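Hello,

Here is the structure I promised to pass on. Please open it and keep it beside this email while you read.

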Amino acid sequence: MSHWIELDKRYFMDTGHRRLGVTLVRGEGARAWDDAGKEYLDFIAGWAACSLGHCHPIIQEALREQSKRLILASLDVYTIPQIELAELLISSSGLAKIFFCNSGAEANEGAVKLARKYGKLHLNGAYEVISALKSFHGRTLAMVAATGKPEYQAPFTPLPEGFRNVPYNDIAALRAAVGERTCAILLEPIQGEGGVNVPPETYLKEVRALCDERGLLLILDEVQTGCGRTGTLWAYEGFGIRPDIMTVGKGLGGGVPIAAFLANEQAACFGPGDHGSTYGGNPLCAAVAGAVLRFIMKEDLPGNAVRVGSYFRERLLGLQEEWDIVKEVRGRGLLLAMEFTKPIALAMAKACCERGLLLNPIPPQTIRFMPPLIISPQDVDRAVMILDAAIRQIK
Ligand code: PLP
């Protein structure tokens, strides 16, 4: 065991992470290197946050330039990178107002606070948020309540009240759950951590219609699906709907911690004193996110996610034809998953890691692909070659 791993095991609470047993020390584009100099193709990419790959020159440049000017101010003053980023996000989403924070969970917390205030103002005090089973919205207490995974909730009861989980892609269940106390529905347009579950277009359209009919807010969690990953800048565009509130994070910062929630004019009901954040929208991270988002749009990375994503999908379907153990390939753009007929997700991720491909296992039987949006078909070919060899070893 390496010195670093020994120290890590000594000092850290064991939350079951570090499953791949690798210590990364450097990254460039879609590649990363460990402390022994071994090279990996990184299809985890900071859990989908490194949208431009590791250490992209435009990120280095934005960090360098902004770190010479102003790193942190406070919400008592105006700062320019934050305003520029707000303008980009608002003009690209069609929403009206924004609040910046530091992580996806925090963005969702803010969105739920906003929905509760809206409930107080417009829905007779309704406060309940309905979310989906198998969803993932973050690890704060309220987001554990919103995240429809009993195993994440059980150790932490009693959870904050005001959350209900219903099956995903089941409009009847959702409709039945809506009551007098409901103020909002919170969904991922495509469930990421839950195994990359893509609903049919009709589902999200029906959810939108249900919200309109009952006067509820539709909150879309685009923390993982946003910023081009699924082939459109925002995944909801691919489903022909628009949310009232949207949360973003991960890929927005290209690796630096920044997130936000946006709302349409009516839903944006926060007033003075309702919310705050010391680091939210700090000039350093906002400057990087502005550079990342401009790059994503200028270089048409959503288009690359479509092109390379469909090539990747085809190659994965090829593996499915070749190997009986591959049950299903699913996803959209560069958010893809492969499900097996047996519980081999962790073994597959480890076998791929040994061969130089970093993959995110979703045990028991699914692996998730969320490579940087800049990957090429050659990167896909290499990943598929490694996957093929790993399946051959493990099946
Ligand atoms: N929402 C979704 C859809 C996510 O995938 C994640 C993280 O995986 C989160 C929220 C939480 O984000 P963070 O880990 O930045 O709090």
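Which residue forms a salt bridge with E322? The partner is R392, and the closest N and O atoms of the two are 3.9 Å apart. Please keep in mind that this is a predicted model.

Now place the two residues. E322 sits in helix α11, which covers residues 301-322. R392 belongs to helix α13, residues 377-394. The pair therefore ties together parts of the chain that are 70 residues apart in sequence. Both ends are partly exposed: E322 has a relative accessibility of 43%, and R392 has a relative accessible area of 47%.

Why can such pairs form at all? Side chains of opposite charge can pair when their charged atoms come close.

How many salt bridges does the model hold? The count comes to 20. Here are two others to look up.

Start with D274 and K117. Their side chains meet in a salt bridge, at 2.7 Å from N to O. This pair links distant parts of the chain, 157 residues apart. D274 is in the loop between β10 (259-263) and α10 (283-298). K117 is in helix α5, residues 104-122.

Next, find E328 and R330. They form a salt bridge, and their closest N and O atoms are 2.6 Å apart. E328 is partly exposed, with a relative accessible area of 36%. R330 counts as buried, because its relative accessibility is 12% and the limit is 20%. Salt bridges that share partners join K327, E328, R330 and E339 into one network.

About 40 Å³ of space lies in the largest cavity. Which residues line it? The lining is made up of A48, S51, V223, Q224, G226, C227, R229, K250, G251 and L373. By type, the lining divides into 4 nonpolar, 4 polar and 2 charged residues.

When you go through the model, begin with E322 and R392. Then turn to the network that includes E328 and R330. Finish at the lining of the largest cavity, with A48 among its residues.

Best wishes

Terms used. Residues are numbered from 1 along each chain as its sequence is written. This is a predicted model: local features need pLDDT of at least 70, side-chain atom pairs count only at pLDDT 80 or more; totals for chains, interfaces and linings use all residues. Side-chain values use heavy atoms; hydrogens and water are left out. A salt bridge is a side-chain nitrogen of Lys or Arg within 4 Å of a carboxyl oxygen of Asp or Glu. Helices (H or I, at least four residues) and strands (E, at least two) are DSSP runs, numbered from the N terminus. Buried means under 20% relative accessible area, exposed over 50%, partly exposed in between (1.4 Å probe, protein chains only). On a 1 Å grid over the protein atoms alone, a cavity is a set of points where a 1.4 Å probe fits but cannot get out, and a pocket is an open set with protein on both sides within 12 Å along at least five of seven lines; lining residues have an atom within 4 Å of a point. Grid points are joined across faces, edges and corners, and a volume is the space filled by probe spheres set on the points. Ala, Val, Leu, Ile, Met, Phe, Trp, Tyr, Cys and Pro count as nonpolar, Asp, Glu, Lys and Arg as charged, and the others, Gly among them, as polar.
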